[in-house]
Amino acid sequence: MAEQPTALERFVQGILPENPVYRQLIGLCPILAITNSMQAAVTMAVAVTFVLVCANAVISLIRPLLKPHLRIVIFTLTIATFVTIADRVLAAYLYQMSKTLGPYIPLIIVNCLIICRCEVCASKQPVFTAVSDAVGQSIGYGLALASIACVREVLGTGMFFGMRVMPAAWPDWSVMVLPPGGFIVFGLLLGTANWISNRR
Amino acid sequence: MIKAAERQQTVTTKDIPSPEIHVAPSPHLGNTHFSTRRMMIDVLIALVPAMGMALYLFREYALRQLLIGIGACLVSELIFVRLRGTNVSLKDCSAAVTGVILALSMPPTAPWYATAIAAVVAIGLGKILFGGLGMNIFNPAMVGRAFVMISFAGVMGAGAYEATGTLVDALSQATPMNAFKQAGVLAPVPQLFWGLTNGSLGETSAVACLLGGIYLCVRRTASWEIPVAMIATVIVIASIPDMAGYHGGRLIMHHVLGGALLFGAFFIATDPVGSPLTPKGKTIFGIGAGALVMLLRLYSGYPEGVMFAVLLMNAVTPLINRWTIPRTMGEY
């Protein structure tokens, strides 16, 4: 078996070189659905970070017990446990945000980013590596969410984190807040990211 | 292409004096004058009556939209083509055509930024991102217009056409489509025919669109099947509410002559890139577009539906092309 990357490598790779959104193109459903405001994007990123770190840690701890044919079920159940915790905590303390995010918090269960990290890293490496991998990937995911949400919120509503940043005469680009805006902004940013990495 | 180039290279390296043989797939007969540039210039010529009518009716408003539309389209074509690293090709006039069609489809009072953004989106997202001229799935001008239409509903929507306190008479009235949608008022047919009504710049005058459209069809730049099928479908569908409401044909005339139907049927739906290849496919395309126009006009929140109808039919064009592959001789 090939040598596994160290904890530091895992951490660094998750942020940019193997950014889950811009390089691996996984976990895109919330990227397109909830990036029309920075607040929603940051809440989502925090929820994903919580679930990913906890799930990676638990999977890594029980990795000697995993059976190959049952591992995906175990991953999903572990993830679902933490997603339920995140969902209930949001509903209790950030009720409005929970309403805004709607089904997208429960949908973290099937977010392939988390299953992918469990499969690739946590089921094979010790806890410290798995957690640093989860943190790196979460930072990368959060940055990607924020980059898209930043463009969409500023153009779509003239605001940033709910504060006015554009002049009052700014015409709101409503299409940016609507789903097509998510696809367009994500596509353009992805193209830019590829262009930058090709120039290197 | 690559194989041919390789073969040529091997021949030259062997240095055998041999006659140069050009091998190309059929058809071997071609009209060399039938170039993109000629088609685009034809479209520009065909748009002259509509442009003239817009300038006559909306004066400085029309001039402003045309200048912004064409200017922004040419500039964004230059920039985006450069970004893609291909040769700058303003000479084929396709960007100018997109600019004119876009400007003529805008409300006269649309703010400058709406037209400019529409032009950038039309050329950038609608055309160059898909691979440039001939590769775009959707009509670029309509992509740009849809983008700003959804973005700036307040200044692009049906209510935004009316402006009071201007020197342009036509602007003070509601558009015929909106008046019908809101209040059930039918505009007089001669007004619709000559185009003395409010509306998007190029769409008001039925006679100007017909003149230009017939010129396009006679020159074979546009295929006649699409506009004929589209208008015929609208007539058929409009005749149902017409008969049901005892309008005596006036409702049919309203739907055919009013709104963007003629402009869209002749200049937008006939875009050779986004429409099917075979005559049969073109007829299906026209029928579909006409039916969608009437569906949107009668049942949607928008008073007019040509833009969305054409975009939706653009989306199914590959499917229509697959349905209507002509059989070769001897094939069952």
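This is a predicted model: local features need pLDDT of at least 70, side-chain atom pairs count only at pLDDT 80 or more; totals for chains, interfaces and linings use all residues.
Select helix α11 (residues 225-244) of chain B and helix α13 (residues 261-268) of chain B. They pack at an angle of about 155°. Angles over 145 degrees count as roughly antiparallel, so α11(B) and α13(B) are roughly antiparallel to each other. Their axes are 8 Å apart. The crossing of α11(B) past α13(B) is right-handed.

Now show the residues where these two helices meet. From α11(B), pick Ile226(B), Pro227(B), Met230(B), Ile231(B) and Val234(B). From α13(B), pick Leu261(B), Ala265(B) and Phe266(B). Color the contact of α11(B) with α13(B) by class: 8 residues are nonpolar, with no polar and no charged ones.

**Next stop: the other partner of α11(B)**

α11(B) passes α14(B) in a right-handed crossing. On α11(B), the contact residues include Glu225(B), Ala229(B), Thr233(B), Ile237(B) and Ala238(B). On α14(B), look for Lys282(B), Phe285(B), Gly286(B), Gly290(B) and Met294(B), among others. By class, the contact of α11(B) with α14(B) has 16 nonpolar, 4 polar and 2 charged residues.

**Zoom in: Ala229(B)**

Center on Ala229(B), in helix α11 of chain B. Is Ala229(B) buried or exposed? Count the other C-beta atoms within 10 Å: there are 21. The cut-off for buried is 20 or more, so Ala229(B) is buried. Leave aside the neighbours within four places in sequence, and the contacts of Ala229(B) are Thr283(B), Gly286(B), Ile287(B) and Gly290(B).

Now draw a distance from Ala229(B) to Arg250(B), C-alpha to C-alpha. The two are 21 residues apart in sequence and 20 Å apart in space.

**Step back: the whole of chain B**

Show chain B as a cartoon. How many helices and strands does chain B have? The secondary structure comes to 15 helices and 0 strands. Chain B has 332 residues, and 47% of them count as buried. Take the contacts in chain B with a separation of 6 or more: 73% of these are between residues 24 or more positions apart.

**Across to chain A**

Show both chains. At their contact, 6 residues of chain A are in contact with 7 residues of chain B. The chain A side has 5 nonpolar, 1 polar and no charged residues.

Next, find the largest nonpolar core, with 139 residues. Select Val51(A), Ala55(A) and Val310(B), the residues with the most contacts inside this core. Then select helix α3 (residues 38-61) of chain A. It supplies the largest share of the core, 14 residues. As background, nonpolar side chains tend to be buried together in soluble globular proteins.

Stay on Ala55(A). Leaving out residues up to four places away in sequence, Ala55(A) touches Thr78(A), Ile79(A), Phe82(A), Ile114(A) and Cys118(A).

**Last stop: Val12(A)**

Go to helix α1 (residues 7-15) of chain A and pick Val12(A). With 16 other C-beta atoms within 10 Å, Val12(A) is partly exposed. Finish with one more distance, from Val12(A) to Ile139(A). They are 127 residues apart in sequence, but C-alpha to C-alpha they lie 9.8 Å apart in space.

Technical notes: Residues are numbered from 1 along each chain as its sequence is written. Chains are lettered from A and ligands numbered from 1 in the order in which they are written. Ala, Val, Leu, Ile, Met, Phe, Trp, Tyr, Cys and Pro count as nonpolar, Asp, Glu, Lys and Arg as charged, and the others, Gly among them, as polar. Axes are lines fitted to C-alpha atoms, for helices over the stretch in contact, and angles run from 0 to 180 degrees between N-to-C directions. Helices (H or I, at least four residues) and strands (E, at least two) are DSSP runs, numbered from the N terminus. Angles under 35 degrees count as roughly parallel, over 145 as roughly antiparallel, 65 to 115 as roughly perpendicular and the rest as oblique. A crossing is left-handed if the near helix is turned anticlockwise from the far one by less than a right angle, and right-handed if clockwise. A residue is buried if 20 or more other C-beta atoms lie within 10 Å of its own, exposed if 12 or fewer, and partly exposed in between; C-beta atoms are placed from the backbone. A nonpolar core is a set of buried Ala, Val, Leu, Ile, Met, Phe, Trp, Tyr and Cys residues joined through C-beta atoms within 7 Å.
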